[in-house]
Amino acid sequence: MKEIRSALTFKRVVISLIIMLWPFVYFMIQRNNYSFRDRLDVFTFMLEGMLPLAFVILAALVYLGIFSGEIKNRFIVYTRLRIPLRRLLRIKFAANFLLTWGTFFVFTFGYFLFSFYISSLLGLVEYHPEFYKLNEVTVIQESYTRHTFTQLLQYGSLTYGFLYSGWVALNAAVFASLGFFMVLIMRNQFAAISFPFLLYILGSFITSSADMKAFRFPDAIFPFSSVQMPIWTAFVPLAFLTFLCTALYVHATKNLERNDNLA
Amino acid sequence: MTVINLDNVSKSYKGIQLFEHATAAFDQGKIHGIVGHNGSGKSVLFKMICGFIHPDAGQITIDPVYRDKRSHFPVNFGIIIDRPGYIGGITGYENLKRLADIQGRITPQEIRQAMTQVDLNPNAEQKVKNYSLGMKQKLALAQAIMEKQEVLILDEPFNALDADSVHSVRELLLAFKKEGKTILLTSHNQEDIDLLCDQVFRIHRYALERVV
């Protein structure tokens, strides 16, 4: 908790809030130029655009910069006689994972609440299901089959909002964990922090080339530009990332003594 | 009483042989100087003593007083190895507070006292990334002494210090010696070694030769 508290400085929280507000500002500017079927359309509008592209960069910005600075400036070395290294790294890993998860959960769930409840309460948006040859009843049925994860809407809007926000946050946290291990292993800290983003882009390119669009990272996390797929398909890229993280964890812990970043 | 004992220690680091059957004993309450040319292995020696890296062969024994069953590392050791470590975006005091909070053994007053001892202003708002090299060095010294560590392992503690600071740090180290602390230090300045050290070891042909 201490580690998380020290990372949550006023400046960092304000910067995060400003970044988080970007989709809202974009929505307020553009809302009259679009026809929204329903509340789900508003929600996906918020999360589309720049976010899928900047997703991994934002995930890395939450905590990895702090951790990388501590390694680069050798602060970690001076903690070593005060706390066992493995314990310290566990604390740092947990802080990175939880902060990133928490930040993205608040972000996604906040926009879910805004789209599903607040925007209609405030009358910020008008729905036009008729533009899509739907009515107020059929649009609900249609929403269940619109995108991957919207199957969950059958169990209630909040269930969908909660689980989908958790899903986005989990992916952000796993990408941040990947960056965490790279920062630990690699000498070049910029390259280490950039690695998750390169993997995200390169992985997307490869899966697109191999005609496996459902397994593209952006489509698994923000599945709004394609037809609904079974939810398990979204877990395939995550499973790959988790495997990679595990391999990096094993490598990092086996070679702690030889790690110049820590001695 | 011997605090640190090296027995037939061999070590190669990044493919370069640095020590071969090196043997030395460092006694309590003395200042020990380690000299040697650049790259001779002074920092590696200190890292081995601290348990950050292990000898390829031989043994380094630390007095059980400075060992903890729960840790692979010596306790009550204050260190500066290679260069200072810090978090750039916060003040010097906040840096030391972060380190002190890990064990929670000392009060904020004791942190301030350690900063004052090395001529740093604990109330300064200046972030460490804006510190001069000498100030960073003083901050490193402050973290090495703030928890009243009994054994000080100081790799080039006078690096980048101005003449007045060198003088006051020398005085500080001599005062620590009087208190019974054990100090191992390296310095490229022979005057530091001559003025401070009771025993001097030279790293020569992969061994630790006692020269004084």
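A: A:Ile201 is placed in helix H8 of chain A, which covers residues 189-209; helices here are DSSP runs of H or I with at least four residues, strands are runs of E with at least two, and both are numbered from the N terminus. With a relative accessibility of 36%, A:Ile201 counts as partly exposed, the class between buried (under 20% relative accessible area) and exposed (over 50%), with a 1.4 Å probe and protein chains only. The model is predicted, so local features need a pLDDT of at least 70 and side-chain atom pairs count only at pLDDT 80 or more, while totals for chains, interfaces and linings use all residues. Residues are numbered from 1 along each chain as its sequence is written, chains are lettered from A and ligands numbered from 1 in the order in which they are written, and side-chain values use heavy atoms, without hydrogens or water.

A:Ile201 belongs to a nonpolar surface patch of about 870 Å², whose other members are A:Leu21, A:Trp22, A:Val25, A:Tyr26, A:Ile29, A:Tyr34, A:Met50 and A:Leu53. Patch members have over 30% relative accessible area and no salt bridge, and are joined within 5 Å for nonpolar side chains (Val, Leu, Ile, Met, Phe, Trp, Tyr) or within 9 Å for like charges; the areas come from the Shrake-Rupley method with a 1.4 Å probe, and for residues only the protein chains shown count as cover. The most is contributed to this patch by helix H2 of chain A (residues 10-30), which supplies five residues.

Turning from the surface to the interior, A:Leu153 sits in the loop that runs between helix H6 (138-143) and helix H7 (157-185) of chain A, and its relative accessibility of 8% makes it buried. Once residues up to four places away in sequence are set aside, A:Leu153 touches A:Leu40, A:Phe116, A:Ser143, A:Tyr144 and A:Tyr160, a contact being heavy atoms within 4.5 Å. A:Ser115, which is part of helix H5 of chain A, counts as buried at 0% relative accessibility. Beyond its neighbours within four places in sequence, A:Ser115 is in contact with A:Arg39, A:Val42, A:Phe43, A:Met46 and A:Tyr127.

A:Lys133, in the loop between helix H5 (85-121) and H6 of chain A, has a positive phi of about 55° although it is not a glycine, and at 80% relative accessibility A:Lys133 counts as exposed. In chain B, the phi of B:Lys14 is likewise positive, near 50°, in a residue other than glycine; B:Lys14 is found in the loop between strand S1 (2-13) and strand S2 (16-27) and is exposed, with a relative accessibility of 60%.

Charged side chains come next. Side chains of opposite charge can pair when their charged atoms come close. Over all chains the structure holds 20 salt bridges, each being a side-chain nitrogen of Lys or Arg within 4 Å of a carboxyl oxygen of Asp or Glu. In one of them A:Arg37 pairs with A:Glu142, their closest N and O atoms being 3.0 Å apart. Because A:Arg37 lies in the loop between H2 and helix H3 (39-47) of chain A and A:Glu142 in helix H6, the pair ties together parts that are 105 residues apart in sequence. A:Arg37 is buried, with a relative accessible area of 16%.

A:Arg146 and A:Asp41 also meet in a salt bridge, at 3.3 Å from N to O. This pair links distant parts of the chain, with A:Arg146 in the loop between H6 and H7 of chain A and A:Asp41 in helix H3, 105 residues apart. Both ends are buried, A:Arg146 at 7% relative accessibility and A:Asp41 at 9%.

A further salt bridge joins B:Glu147 to A:Arg82, with the closest N and O atoms 2.9 Å apart. It crosses between chains, from B:Glu147 in the loop between H4 and strand S6 (151-155) of chain B to A:Arg82 in the loop between helix H4 (51-72) and H5 of chain A. B:Glu147 counts as buried at 4% relative accessibility, as does A:Arg82 at 10%. Within chain A, salt bridges that share partners bring A:Arg37, A:Asp38, A:Asp41, A:Glu142 and A:Arg146 into one network.
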